[in-house]
Amino acid sequence: MELLGIEELTAAVDGIIWDIVGMDANSNLSTDFGAYCDMNEVDFAVVVLERMDSMFSQFVKETFDVTIEDTIDLWCLSLLHELGHLQTMDFIPNYIQLANKLEKKVIDKFSKIDSICYKYFSLTVEYEATQWACNWIKDNPTKYDEMRNTIAKALEDFYKINNVED
Ligand SMILES: [Zn+2]
């Protein structure tokens, strides 16, 4: 099945990104959220992984006092987290980045366990990215509202054009 409206959706996401971190960064539609710091690119998804995401919501509430109320909040925080990787990676020493990379290989294997999810979120590179995202939400309430509205509309259009029911 070929997806329609990818260009429009990506343009909307790029617009959001440029407003937040400048026009050097770009986005691509993918099956999950991700960051490519070397290329200043992030991947975004149009569906959310519910189990992992409920753990993530719990973690950001407990750790940064940011409340995730719906899937749009979750989508926004996921994108901001990836932008957080682009913004913070240069400040994290290489030996910590390397150690985290190795730890992730172990953690991924066991990620069905709640405490392991928390261990993943607490890795320096992950923690820093989430903290950057949460601080941005707290510091920019008006822009955050705009971001919510923009992506809610863009995703609604995307679902509609592809006949996805939510
Ligand atoms: Zn991450």
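Visitor: What makes residues count as being in contact with valine 42, leaving aside its neighbours within four places in sequence?

Guide: Two residues are in contact if their C-beta atoms, placed from the backbone, lie within 7 Å, and valine 42 is in contact in this way with Ala25, Ser27, Gly34, Ala35, Leu79, Glu82, Leu83 and Leu86. This is a predicted model, in which local features need pLDDT of at least 70 and side-chain atom pairs count only at pLDDT 80 or more, while totals for chains, interfaces and linings use all residues. Residues are numbered from 1 along each chain as its sequence is written.

Visitor: Why is H1 called oblique to H3?

Guide: The two helices (DSSP runs of H or I, at least four residues, numbered from the N terminus) pack at an angle of about 40 degrees, with their axes 12 Å apart. Angles under 35 degrees count as roughly parallel, over 145 as roughly antiparallel, 65 to 115 as roughly perpendicular and the rest as oblique, and therefore H1 is oblique to H3. Ile17, Ile20 and Val21 in H1 meet Leu83, Leu86 and Gln87 in H3.

Visitor: What makes H3 roughly perpendicular to H7?

Guide: The axes of H3 and H7, which come within 10 Å, cross at roughly 105 degrees, and so H3 is called roughly perpendicular to H7. Here Ile72, Trp75 and Cys76 in H3 meet Met147, Arg148, Ile151 and Ala152 in H7.

How values were computed. Axes are lines fitted to C-alpha atoms, for helices over the stretch in contact, and angles run from 0 to 180 degrees between N-to-C directions.
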